Amino acid sequence: MSDILHKSTEPQTPEELYRLYRTLTEQLREQLGQIENDKHEFEVQMTERVGNLESRNLELREQLRQTEADKRYIETQKIRYERDVRKLKSESEQLRSPPLIIGTITDIVDSTRVIVRSSAGPRFMVRSSPSVNADDLKPGVRCTLNQQSLAIVELLPNSFDAQVYGMELVDSPIETYADIGGLQDQINEIREAVELPLRRPELFKRIGIEPPKGVLLHGPPGTGKTLLAKAVAHETNAHFMRVVGSELVQKYIGEGARLVRELFDLAKKKAPTIIFIDEIDAVGASRSEANTSGDREVQRTLMQLLAGMDGFENRGDVKIIGATNRIDILDKALLRPGRFDRIIEIPLPNIDGRLSILKVHSRTLAIADDVNLTEIAQLTEGRNGADLYAICMEAGMFAIRKESQSITQENFRAAVTKVIFDFNRGSLDVEGEMFA
Ligand SMILES: Nc1ncnc2c1ncn2[C@@H]1O[C@H](COP(=O)(O)OP(=O)(O)OP(=O)(O)O)[C@@H](O)[C@H]1O
Ligand SMILES: [Mg+2]
C-alpha cells in the first residue's frame with residue numbers, strides 16, 4: 001500500500017483521491033481474504049495434525065500396555081526358569097555327591113558317640129550329625145555314614161527284603177468257601193483255628209487258652225489245599241502273605257534265614273496276617289546228615305522257620321497255614337504242637353465230595369436237563385478235585401466242538417474217558433518214588 005502511496009504522485013483531484021481510496025480498499029480486502037484463506041487452511045491442517053497425533057498417541061499407549069504385559073510375562077517366566085535352574089543344580093549336586101555307606105547302629109555310648117557296624121563288617125565309633133534326632137539313635141537302626149568320617153548322616157527306615165514285599169498278596173484272593181466242594185469238616189476246623197482267633201479273640205481270652213498258631217494242610221495233590229487257604233484269606237480280612245517253600249531256599253548262606261525272619265517281621269507289623277507257606281516240604285524236609293552246603297543252607301532256613309513259628313516270641317495276630325503233600329518227609333519239629341497246632345488232612349474226595357465238587361464247577365456251565373452228576377461222581381472213584389475240574393472243562397469242550405447249546409451227559413462221559421482213561425496217569429506215578 002505504501003508503494004502505491006509512494007509511487008503515485010500526489011493526488012491532485014478529488015476524483016484521483018477517490019480512485020486511490022478505492023484501489024487501496026480493494027487491495028486491502030483482497031489481502032484480508034487471502035489471510036482468511038490462509039488461516040482456514042492452517043486450521044484445517046492443524047486439526048488434521050492433531051487428529052493424527054492423537055491416534056498415534058493411542059497406538060503408542062496400546063503398544064506400551066502390550067509391552068508391559070510382555071514384560072510381566074517374561075519376568076514370571078524368568079522366575080520360573082531360575083527356580084528350575086536351582087532345582088536342577090541341586091539335583092546334579094546330589095547326583096555328584098559321593099555315596100554314603102550303609103551301617104547299623106550296634107551301641108550308643110552317649111548322646112553324640114555311637115558304635116556302628118558298616119555293611120562291610122568292621123565296627124567303628126562315630127559321631128552323629130546334629131540333624132539326626134538323638135532319641136532315634138537305637139541299636140539295630142540302619143543308618144547312612146559319611147565316607148570319610150563315617151559320621152551318621154541320617155537314619156533309614158527298617159527295610160524288608162524286596163522279595164518279602166513281593167510275597168504279600170495285595171488283592172485278596174477271590175475264592176470263597178462256596179467254591180470248595182465237600183471238605184466241610186476241614187473248612188470248619190480251619191475256620192476254628194484261623195478265622196475265629198482273628199475275628200473274635202475275646203472268646204479265647206475268656207476261656208483262657210492260647211488260640212492255635214498254625215495249621216498244616218496235607219493230602220494228595222489237587223485236593224484243594226491251596227484253594228482252602230485262599231478261601232480263608234478271602235473270608236478273614238487279614239493280610240495274606242503267600243510264599244512257596246522253594247522261594248525261601250536261597251543261593252547265599254544265611255539269605256534264606258534272613259528272608260524268613262523278615263517275613264515274620266513284616267507279618268507282625270501288618271498283623272492281623274495269615275502267612276501261607278505252600279509246598280512247605282521244600283524247606284521243611286527232615287533234617288539228616290546233610291552232605292552238600294545247599295542242604296545245610298536249607299536246614300538253616302528251616303531252623304529260622306522253627307524259631308519264627310515258636311511261641312518263644314509272641315507273634316501276635318499272625319497265623320500260619322502250611323500246605324504239603326509229603327507230610328511223611330516233614331521234620332518232626334515242625335509238626336509238634338506250638339508250631340502247627342492243627343494238622344488237617346485233606347483226603348481224596350469220596351463220592352459225596354466228588355458230587356459237590358462237580359456241582360461247584362458246573363455251577364456256571366450251561367448244562368442240559370438230562371445230566372446226572374451222581375453218575376459222573378461214581379465213575380471217578382479215586383480222582384481228585386483238579387481232575388473233576390478238568391472233566392467239567394473237557395465236557396464243555398466237547399459241547400463246543402459239537403456246537404450244541406448245553407453240555408449233555410454224553411459229553412460228561414466222554415470227558416471222563418478223556419481225562420481219566422485215555423491219558424493213563426498211572427504210568428506217570430513213578431514220579432512220587434523218584435523224589436522219595
Ligand atoms: N474240594 C475242591 N472243590 C473244588 N475245586 C477243587 C477242590 N479240590 C481241587 N479243586 C480244583 O483243583 C484245583 C487245584 O487245587 P489246589 O491247587 O487247591 O490243589 P492242592 O491240594 O494245593 O494241590 P498240590 O498239593 O498239588 O498243590 C483248584 O484250582 C480247583 O479248581
Ligand atoms: Mg497247592
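Let's start with an open sheet of five strands, ordered 3-2-1-4-5 and paired in antiparallel fashion. At its edges sit strand 3 (123-127) and strand 5 (152-155), each of which pairs on one side only. From one strand to the next, the twist averages 45°. Please keep in mind as you browse that this is a predicted model.

Strand 1 (residues 101-108) and strand 2 (residues 113-118) run antiparallel and are joined by five bridges.

Strand 8 (residues 239-244) runs parallel to strand 9, and six bridges join the two. Here Val 244 is the residue that stands opposite Asp 278 in strand 9.

Strand 9 also pairs with strand 10 (residues 318-324), again running parallel, through five bridges. For this pair, Thr 273 has Val 318 in strand 10 as its bridge partner. How many of the six residues of strand 9 are buried? Five are, so strand 9 (residues 273-278) is mostly covered, with burial meaning 20 or more other C-beta atoms within 10 Å of a residue's own.

## Helix 7

Helix 7 (residues 255-269) is 15 residues long and reaches 21 Å from its first C-alpha to its last, close to the 21 Å expected at 1.5 Å a residue.

Which residues of helix 7 are buried? They are Gly 256, Ala 257, Leu 259, Val 260, Leu 263, Phe 264, Leu 266 and Ala 267.

## Around ligand 1

Now for the ligand shell. Ligand 1 has 18 residues around it, and those that come nearest are Pro 221, Gly 224, Lys 225, Thr 226 and Gly 385. Helix 6 (225-235), helix 11 (351-362) and helix 13 (385-401) are the elements that give two or more residues to this shell.

What is the shell around ligand 1 made of? Its residues divide into nine nonpolar, eight polar and one charged. Domain 3 (164-345) and domain 4 (351-435) each supply at least three residues to the shell around ligand 1.

Conventions
Residues are numbered from 1 along each chain as its sequence is written. Chains are lettered from A and ligands numbered from 1 in the order in which they are written. This is a predicted model: local features need pLDDT of at least 70, side-chain atom pairs count only at pLDDT 80 or more; totals for chains, interfaces and linings use all residues. A residue is buried if 20 or more other C-beta atoms lie within 10 Å of its own, exposed if 12 or fewer, and partly exposed in between; C-beta atoms are placed from the backbone. Helices (H or I, at least four residues) and strands (E, at least two) are DSSP runs, numbered from the N terminus. Two strands pair if DSSP finds at least two bridges between them. A residue is near a molecule or strand if its C-beta atom, placed from the backbone, lies within 6 Å of it. Ala, Val, Leu, Ile, Met, Phe, Trp, Tyr, Cys and Pro count as nonpolar, Asp, Glu, Lys and Arg as charged, and the others, Gly among them, as polar. Domain bounds come from an automatic or database domain assignment. The expected span of a helix is 1.5 Å times one less than its number of residues. Axes are lines fitted to C-alpha atoms, for helices over the stretch in contact, and angles run from 0 to 180 degrees between N-to-C directions.
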